[in-house]
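Please read the following report alongside the sequence and the coordinates. It takes up confidence, the contact between the chains, helix packing and a few backbone details in turn.

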Amino acid sequence: MSMSKKYWRGLSELNESPEFLKQHQSEFAEPLPIDEFLNGEEEEKSGTSRRDFLKVMGFSTAAVALAACETPVNKAIPYIVKPEEVTPGVANWYASTFYDGHDYASVLVKTREGRPVKIEGNEFSKITNGATSARVQASVLGLYDGARLAGPVLKGAYTTWKNADDAVGKALGSGNAVLLTSTVISPSTKAVVAEFTAKYPNAKHVTYDAVSYSALNAANKNVFGKSVVSSYNFNKAKTIVGIACDFLGTWLSPVEFANQYSKTRKVSKENPEMSKHYHFEANLSLTGANADYRYMVKPSEYGKVVAALYNEVAGATGGSKVSGETKLGNAEAEKAIAKIAKELVENKGNSLVVAGANDEGIQTLVNGINKMLDNYGKTVDYVNHSNLKQANDKAFIDLVADMGAGKVSVLMTHNCNPVYTAPASLKFADAYKKVATKVSFSIQMDETSQMADVVCPDNHYLESWGDANPKAGHFSLQQPTINQIFSAPRYEGTRQFQDTLLAWAGVKSNYYTYLQAYWQNHVFPQQGKYLDFASFWAHTLHDGVLKVNVAKETPAVVMAKDSAGMPIMSGIATAIAEAMDSVKTEEVKTTPVKETVAAEAMPTPDYNKAAAMATSVKGGAFELAVYEKIGLGNGNQSNNPWLMELPDPISKVTWDNYITMAPADVKTMGMNEMLRQDIMGSIATITVNGVSVTAPVYPQPGQAPGTIGLALGYGRNSKALKVANGIGVNAFGFLNVSNETIQFASPSVTITKTDDTHKFSATQVQHTIMGREEAILREVSLNEYKTKDQEVWNPATLIQTHDGKVPIAEVDLWDDYARPNHKWGLTIDMTSCIGCAACVVACSAENNVAVVGKKEIGRTRDMYWLRIDRYYSSDMTKDKAEAEHIGYKQMNLDLETPSNNPKVSFQPMMCQHCNHAPCETVCPVLATSHSNEGLNMMTYNRCIGTRYCANNCPFKVRRFNWFNYNANEWFADFNPAQQELGRMVLNPDVVVRSRGVMEKCSMCAQRLQAGKLEAKKAGAPLVDGSIRTACQQACPTNAIMFGDVNDENSEISKWRNGNRNYVMLEDLGVKPTVSYLVKVRNQEEAIHNEEKHEEHKEEKHEEKHA
Amino acid sequence: MNSRMFQFSFKSLLGIAMMLVLFSGNMKAEDGAKLFKQNCAVCHASHTDQKLTGPGLKGVFDRIPPGDWVKRWILNNEKMIKGGDPYASKIFSENGKAAMTVFEGQIDDKGVDAIIAFLKGPAPVVVLPGKPVGGTGNEGEEVKPGIEPLYFVLGSIVLLAIFITTFRSVRTSLQNSANRTEGKPENPDMTFFEEARHWISGHRRLVGVLCIVVGFMGMKSCWDACYDIGVYYDWKTQKGYHPDQPIKFSHKIHAGENEIACQYCHNTVEKSRHAGIPSVNVCMNCHKGIQEGPTTGKTEIAKIYAAAGFNPTTQKYDVSKTNPLSWLKVHNLPDHVYFNHSQHVVVGKIECAKCHGDVKAMTTVEQKAPLTMRWCVDCHRTTEVAMAGNAYYDRLHKALKEKYKGQYDVKFTVDKIGGLECGKCHY
């Protein structure tokens, strides 16, 4: 088709004017200013042509390209004198203790070339048994936090230690000094404090815990005459009742309790028994999510639940009942209490009731219940008590009053941040201003340090010596695993709190010597295994922990000094004698625990008074329950990007705190009741007693109607904390003081909707499994597990062929490959998994998984190699739809909606290492391939980033590097790999991935290779259990098992030979290397529809005949 | 490669010949040389005046009392000094009263005789120790250098050009004369290129096919060349990279002449992924005594002292004056490759020289292997796994024997146990 039309650019072209014709010859209408650009004024003379310009361009391009080809010179700088224990390229492990004033764990610290890179649990510990939590795992990053102070600060400017010491020394000379710390569990530190108070008799030590457990102390005082926190043995409990007590996630000693709890839930063919767990709470906590039965009650009803339970148990055991209101808003919960009491009494001595509320009345009643149930000395123990959380709220409240009245001249805060954490009603900040000399030992410029006159930064715990006595009879040591990062000559340096205190107390010795002397005098004599102190010290330091059979009190007293002012640490020969002497002399002052109890008459607890106290709270239309998150806890680690980005195990929301409300309430208030990455959430303002915050609203299934949850640890207000500053709101303001204890629930809240909206960033926005339980998430009730055929609850997946239905294993599109040496396998016990996310942080730390920030997560670009899928149950099921003739569309819509009080399931999800991997077949460059050990390997340097593999992955576990997270300035503020210090945490055995490549779980290939190499070098077969993946090591509940499936005797083979083993999406025939064990719930209601199963069976039967 | 092979073999032949000439019939002196290196060389130079910790031993037998004095001195100098031997006391005080090691019980009489024989003999010629790479067992044969393939190709091209021009002119003249006889017009006088174009236009299909073939071959060789790309030294690999180090440390002197084992300095090679650059304190083990070197005198060794903060005159260390040495890394692997020395040395029982070449002959260390992935893979394809006697491999060995049952001459090379898999080195 030819063009008959002609277009003109203008009249001049149509008329072919001479100007046009002249211009028509040249390419550009006006001459380009190239010459000007190149030569400026000399344009006329040189007459640089376009060619010259191009030549210059070409030359410079070539020059740049050639310069890039120059040999990069790598340097190798060896030690001057190599420390004997350091071998470059080989990790050293040191046993140490994690205690941040909040959580305790005995840990092993992995160091490479002298820098800690990973924290793992210490299996020698009889308390934590090698368990860790997300916060413990993440604590190593705190060491390399750029927000740490590099030296003492005087009036807002860095100064020398001498100046700081002088300033404080002058202030201490006169007036009343108060040392305010969180609970100190270190006996030697208590002695150091005693040294200090001996030097300054006007000084006082006050203990304050941001998250208070004051009522536990008070209740034990009421019932047993001892102001202690009991220790708990969940592993002996067959029936567990929790009342708003998140003991698996945040309460008291969650690492220890999660480990104990899981021991009661190891169900197998041989031992088909497990504990039964009832839970009452308002917010859906991690513990509530794991309970077999969960009841939604309002915070004001916690006391009523306890009182009702007390009365039921008393009725069954012949005790006297208490009076008090026991009517609950939730009829189902009220009805259940009688049944629960019956079960508790049936398991007398093997049951446990715990409550989380910081209310003396509630805790006294709980003690009464446990006493009636004969649980003391079995599942709960006040004799071998816990030493955690010794704070007495009244002491703190009195202190704030004293400060306000100007009675305190020096306030020294250690391991606590009261300006941030104190309840708003106490007006701590105002009182703090009235203190003449404010001293902080904080390692960061936190809210309290900002207001302090002198900041004497402490060392990080990985740089410190120390000890701990977390429970009577259990000791652990803490040792530095790195030299102080901030030290002379580059910085003035940090100084350990104890050293500072010793210096101020005028003790000549440093804390390390003092610690050794203390142990020689007070701990060494308690054990009988080692005869000389030197080998005792060496062995205990190696093990990290010490358990003594007969626990004696470790005295917090001044130690004897020699003439030089050093604490007397007698020589080896006289060690025992002297140590015994010192104990003897101290026995006069502090008698052993047991005797104290025997000597003192037991008080007569007034349970009626307690009940009146517990049930007196009147709830309003909305009640607020402030809670701790798994990631941030009380907020002392909130500047840690790993924890900030960690998806909340329940809500899966990252980088945020928010108001949680029941979806029904959200709907009633006309707010957005959906969570999606593309829909903005609503924002509301909540006000309690004049304190109000504005925060986004998250519709949380399982939240008790009429209640509001808000997490602690956010809303930091310090510019120095780059990661945490300004994220979320501070919920500590809502803590309130009643009955001289700090309460976490507010009975009356007003909530008003605002017109603003907020974008959530969540790693999972879908709530339910959408009726695909059989393929993905298999569950069974304990009863069915015991009585029914495996075919009912864990059936083999069948596939239709022309010969009828056959098990999927018999049909294969692909060839089978031999795995002659190892065949790795990973199995996850979903009954044990509590969803605590310790594995997620461990995986990130081990594999250098990038932190991507809120914005990228909101675009579903999180980089987690290991995620934990959380599923809520729905009221709708396929069976129900069939029975009630509900249409397909309606059924699916309803399936999306979780129940009001859903059952929750957690499913850790990582690369399944399919033996017939769909990702491998679509990679155009063979960047992902299969090993002869059954693993799917990802080769980053080969990957060209087509992302076909991620599209073809049925498990959606592959992660694409959209950016160069370790260099792109968008991520500079929070990605540790971009900071001079932060990048020290990177694991040198794992590549830091760059932009444009796909990555995913490698099943810790670096650990496998290292483990195999050790065996090869030793010339011995690989020992089962010698290789453990990072997630497996971190797991507090031993829910993850890794091993060689080719080895018939390996633990994983035993797991897989049990009847609970299944693989995900088996019908796809991808043959995953990862398998799961069916989740067993200890509930009466059947999960599987047997009739339906019978039909299936008959169908199959017929088919076979046909 | 061929020429290098030749070089090595030639050098070794030369060395062996010299050794034979020097030490034939004088086995004593040969043993003595060895003993001297092991026991005495740290403090004495054998055939020069150079003073190390002890005096140089050139012409020593002219200085000392005759008879068995020297023997007694070597075995137990302490006894002689205490016994008041005048010459013994003299040299003791002359040498700063630094006591010599007592060798009684360490070296027997025969050994001492051998050392004396060695010292009386001529100065040793530096002999390149070790087997030449690739020249094993062929010492007796002359290894002929092969013709370089490049010359071969060039020669062929020249020959072909000559052939083409000759045949072309012959054909043109023949055809012209034929045309002339037949009365046809003469072919136009075309240049070679015109003719070529003419021919091409007549054989388009053939030329097209040829172009495709050549094109594919080119692409294939480009692809192959990609395997050899390294960014470091020459355009292909970093082979031959030999940077000047901050100290002119000579492996030839240390590992070659003094026969110090590789593992003495690179002492983490059996434990770690890194062989380890020795820390300065390892250097000082010997150089506290040896303050002067044979080629550079005191200048280079002084650099060690500067690094260690050591004062050679007072023999004292000053920790505040230490200054780490920045060696230049010669063998560089990209960050995305995991290589483990201990795997190869302990488990694979690979000699250092297999990858690092004859370091004992290098004054400046040079990268001998290309360190490309092809090079790794080639070796993994040909190297047998040392399975025998290693219980770790028992199960695998059994399985492989079962798999290749009945097949003759099967080698269980690294690739057969998964040594070519991506995830074994890249993670």
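## Confidence

Chain B has a mean pLDDT of 80, and 83% of its residues reach 70 or more, where pLDDT is the predictor's confidence in each residue, from 0 to 100. This is a predicted model, in which local features need pLDDT of at least 70 and side-chain atom pairs count only at pLDDT 80 or more, while totals for chains, interfaces and linings use all residues. Residues are numbered from 1 along each chain as its sequence is written, and chains are lettered from A and ligands numbered from 1 in the order in which they are written.

Where pLDDT is low, the predicted coordinates should not be read in detail. The model scores ipTM 0.83 and pTM 0.82.

## Contact between the chains

The contact takes 41 residues from chain A and 48 residues from chain B. On the side of chain A that touches chain B, the elements giving two or more residues are β1 (75-76) and α36 (1005-1018), and α36(A) gives the most, with six residues. By class, this side of chain A has 22 nonpolar, 13 polar and six charged residues; Ala, Val, Leu, Ile, Met, Phe, Trp, Tyr, Cys and Pro count as nonpolar, Asp, Glu, Lys and Arg as charged, and the others, Gly among them, as polar.

## Helix packing

The table lists two helix pairs, with axes fitted as lines to C-alpha atoms over the stretch in contact and angles running from 0 to 180 degrees between N-to-C directions.

| Helix pair | Axes come within | Crossing angle |
|---|---|---|
| α13(B) (280-287) and α14(B) (298-308) | 10 Å | roughly 130° |
| α14(A) (360-372) and α24(A) (607-615) | 7 Å | roughly 135° |

The helices α14(A) and α24(A) are therefore oblique to each other, given that angles under 35 degrees count as roughly parallel, over 145 as roughly antiparallel, 65 to 115 as roughly perpendicular and the rest as oblique. Residues of α14(A) that meet α24(A) include A:E360, A:I362 and A:L365, and their partners in α24(A) include A:Y607 and A:M613. By class, this contact of α14(A) with α24(A) has seven nonpolar, three polar and one charged residues. In chain B, B:V280, B:C283, B:M284 and B:H287 of α13(B) meet B:I301, B:I304, B:A307 and B:A308 of α14(B), and this contact has seven nonpolar, one polar and no charged residues.

## Backbone details

Most residues other than glycine have a negative phi, and most peptide bonds are trans. A cis peptide bond, with omega about 0°, joins A:A488 and A:P489, and A:P489 lies in the loop between β19 (474-478) and α19 (497-504) of chain A. A:L252 has a positive phi near 60° and counts as buried, with 23 C-beta neighbours inside 10 Å, whereas A:L926, with phi near 55°, is exposed, with 11 other C-beta atoms within 10 Å; a residue is buried if 20 or more other C-beta atoms, placed from the backbone, lie within 10 Å of its own, exposed if 12 or fewer, and partly exposed in between.

Key: Helix = DSSP H or I, 4+ residues; strand = E, 2+ residues; numbered from the N terminus. Contact = placed C-beta atoms within 7 Å.
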